[in-house]
Amino acid sequence: RVLAIRPVGRLDDFFDLGGDSLRLVQLQLELRSALGIDAAPDDVLKDASVAAIASSIKRRRKRGFNHHPLSPLVIPIREAGTQPPMFLVHGLNGQAFVGPAFADAVGDDRPIYAFQARGLVGADRPHRRIRTMAADYIAAMRLIAPNGPYLIAGMCSGAVIAHEMACQLTASGHDIA
């Protein structure tokens, strides 16, 4: 339904069929609405076939959680890696997902997390000021990575928020990569 394609087989890949990061967000929202659970974003980036997405949902159900503890604010794109994590700030639409090509370009040894705007999902109220949004994102980021150096990137208008985060972190004595 998300891709407006029928039929779709269990081995068909979401991205090969024309899926992109915006449609992935729509797919996750529909999965959450219909099943009460998301597929793990890092699983979807590895294998976006219908069978693999179903398997990811089944594993997450078995482990007893619906999504990352900081969700819906922070979405883990990839949690594995030995390098300092990269934190991505959403663009104007507030959605956190990125495509597999971006994650591949970053390399597989760096965890990647993305911020999703408050108010997009759930009962949270949206931020009204960039300064408070940046402070909120910093607090969530420091729960994942208490110490810097921090690697922050902004997508589209998210660059303004990322810049404000960098300014606040620098002013409080933290290192920015």
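Trainee: Which residue with a positive phi follows helix 6?

Mentor: This is a predicted model, and the values are computed from it. The phi of the residue in question is positive, near 85°. The residue that follows helix 6 in this way is Gly 173.

Trainee: How far does helix 6 reach from its first C-alpha to its last?

Mentor: Helix 6 spans residues 158-171, which makes 14 residues. At 1.5 Å a residue, the expected value is 20 Å, and the helix comes close to that. Its reach is 20 Å.

Trainee: Why do the buried residues of helix 6 lie on the same side?

Mentor: The buried residues are Gly 158, Ile 161, Ala 162, Met 165, Ala 166 and Leu 169. In an α-helix there are 3.6 residues a turn, so residues three or four places apart point the same way.

Trainee: In what order do the four strands stand in the open sheet?

Mentor: The pairing in this sheet is mixed. Strand 1 (74-78) and strand 4 each have a single partner strand, so they stand at the edges. From one strand to the next, the twist averages 25°. The order is 1-3-2-4.

Trainee: Which residue of strand 3 is the bridge partner of Met 86?

Mentor: Strand 2 and strand 3 run parallel and are joined by four bridges. The partner of Met 86 in strand 3 is Ile 112.

Trainee: What angle does the direction of helix 6 make with that of strand 4?

Mentor: Helix 5 packs on the sheet, touching strand 1, strand 2, strand 3 and strand 4. Helix 6 also packs on the sheet, where it touches strand 2, strand 3 and strand 4. Its direction and that of strand 4 make an angle of about 150°.

Trainee: Which element gives the most residues to the largest nonpolar core?

Mentor: This core has 20 residues, and those touching the most other members include Phe 115 and Met 165. Strand 2, strand 3, helix 5 and helix 6 each give two or more residues to it. With six residues, the element that gives the most is helix 5.

Note on methods:
Residues numbered from 1 in each chain as written. Predicted model: local features only at pLDDT ≥ 70, side-chain atom pairs only at ≥ 80, totals over all residues. Heavy atoms only, no water. Expected span 1.5 Å × (residues − 1). Buried < 20%, exposed > 50% of the residue type's maximum accessible area, 1.4 Å probe, protein only. Core = buried A, V, L, I, M, F, W, Y, C linked by side-chain atoms within 4.5 Å. Pairing = 2+ DSSP bridges. Axes fitted to C-alpha atoms, helices over the stretch in contact; angles between N-to-C directions. Contact = heavy atoms within 4.5 Å.
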